[in-house]
Amino acid sequence: MNSLNEVHDEAWWNQHYTTLGQASKAEPSEFLRQNLSSLRSGQVLDLAMGAGHNAIFLSKQGFEVHGVDFSQVALDQAMELAQSQGQSLGVKKQNLEFFLIEVMSMDNIIVMNYLPALTLMKNLVRGLKPGGILLLEGYTKAQSQISERGYPQFDECFATNQALSHCAELELIFYQERELEHQQHRVQLIGRKKTL
Ligand SMILES: C[S@@+](CC[C@H](N)C(=O)[O-])C[C@H]1O[C@@H](n2cnc3c(N)ncnc32)[C@H](O)[C@@H]1O
């Protein structure tokens with residue numbers, strides 16, 4: 001499971017979440033918590049939701065949360081955790097490489113620790129309503145140089161300014177790429193879709 005250059009496909013992620021079990025139900029992202037007030041009220045689409053810690057946190061804050069991921073194990077863990085905490089999530093099992101978001105349908109989209117392919121990146125900006133918010137946090141290439149168990153790999157990390165390159169339709173609220181803490185290299189972006 002942890003050799004270098006392995007493919008991180010659906011089976012790998014299912015195995016990852018099976019192995020982690022309860023441990024995969026980590027705390028919500030600090031970046032998300034700190035910037036909650038940047039989000040619009042309404043729905044949040046959580047792309048590559050994983051085991052649901054961000055989604056459940058947002059559900060508790062009153063958002064209508066829909067999570068998409070191709071790992072059924074992650075989705076099952078998220079649903080179980082949500083139910084145990086009295087929260088409801090809409091979940092969809094889907095390979096994001098083939099995922100389409102209805103144009104101008106979302107109040108907020110979050111992408112945490114996942115590098116969207118080019119087509120998805122364009123599609124998710126289109127999928128925001130005017131005034132809608134994109135909140136993104138991901139690994140930068142420097143993280144792949146120090147990944148100990150083969151994740152994230154180089155091609156799973158954002159290149160310099162890559163997250164910015166499809167954000168022409170967004171008014172930037174926050175952007176940074178840096179080592180946030182020791183050996184935690186991240187890009188963080190919050191943007192608001194320009195109104196027509
Ligand atoms: C590092 S985890 C991040 C999970 C969550 N967003 C978080 O921050 O904790 C990456 C997630 O992306 C999902 N994923 C990877 N490739 C995917 C794809 N092509 N389609 C759908 N989900 C994918 C994995 O199943 C996994 O849950």
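Visitor: Is N113 buried or partly exposed, and how many C-beta neighbours does N113 have inside 10 Å?

Guide: The model is predicted. Here N113 has 15 C-beta neighbours inside 10 Å, so N113 counts as partly exposed. The residue sits in the loop between strand 4 (106-112) and helix 5 (118-127).

Visitor: What is the phi of N113 near?

Guide: The general idea comes first. Most residues other than glycine have a negative phi. In this structure, phi of N113 is near 60°, a positive value in a residue that is not glycine. Q183 also has phi near 60°, and Q183 is not glycine either.

Visitor: Where is Q183 found, and is Q183 buried or exposed?

Guide: Q183 belongs to the loop between strand 6 and strand 7 (184-193). With 12 other C-beta atoms within 10 Å, Q183 is exposed.

Visitor: How many helices and strands does the chain have?

Guide: There are six helices and seven strands. Read from the N terminus, the elements follow the pattern α-α-β-α-β-α-β-β-α-β-α-β-β. The radius of gyration is 16 Å, close to the 16 Å that the globule rule gives for 196 residues, so the chain is as compact as a globular protein of that length. The C-alpha trace spans about 50 × 40 × 30 Å along its principal axes. As for burial, 36% of the 196 residues count as buried.

Visitor: In what order do the strands form the sheet?

Guide: In general, strands of a sheet pair through backbone hydrogen bonds, either parallel or antiparallel. In this chain, seven strands form an open sheet in the order 3-2-1-4-5-7-6, with mixed pairing. Strand 3 (90-93) and strand 6 are at the edges; each has a single partner strand, so one side of each lacks a neighbour in the sheet. From one strand to the next, the twist averages 15°.

Visitor: How many bridges join strand 1 to strand 2?

Guide: Strand 1 (43-47) and strand 2 (64-69) run parallel and are joined by five bridges.

Visitor: Which strands does helix 3 lie across, and which does helix 5?

Guide: Helix 3 (53-60) lies across strands 1, 2 and 4, at about 170° to strand 2. Helix 5 lies across strands 1, 4, 5, 6 and 7, and runs at about 145° to strand 5 (128-139).

Definitions and conventions: Residues are numbered from 1 along each chain as its sequence is written. This is a predicted model: local features need pLDDT of at least 70, side-chain atom pairs count only at pLDDT 80 or more; totals for chains, interfaces and linings use all residues. Helices (H or I, at least four residues) and strands (E, at least two) are DSSP runs, numbered from the N terminus. A residue is buried if 20 or more other C-beta atoms lie within 10 Å of its own, exposed if 12 or fewer, and partly exposed in between; C-beta atoms are placed from the backbone. The radius of gyration is taken over C-alpha atoms; the globule rule is 2.2 Å times the number of residues to the power 0.38. Two strands pair if DSSP finds at least two bridges between them. Axes are lines fitted to C-alpha atoms, for helices over the stretch in contact, and angles run from 0 to 180 degrees between N-to-C directions. Two residues are in contact if their C-beta atoms, placed from the backbone, lie within 7 Å.
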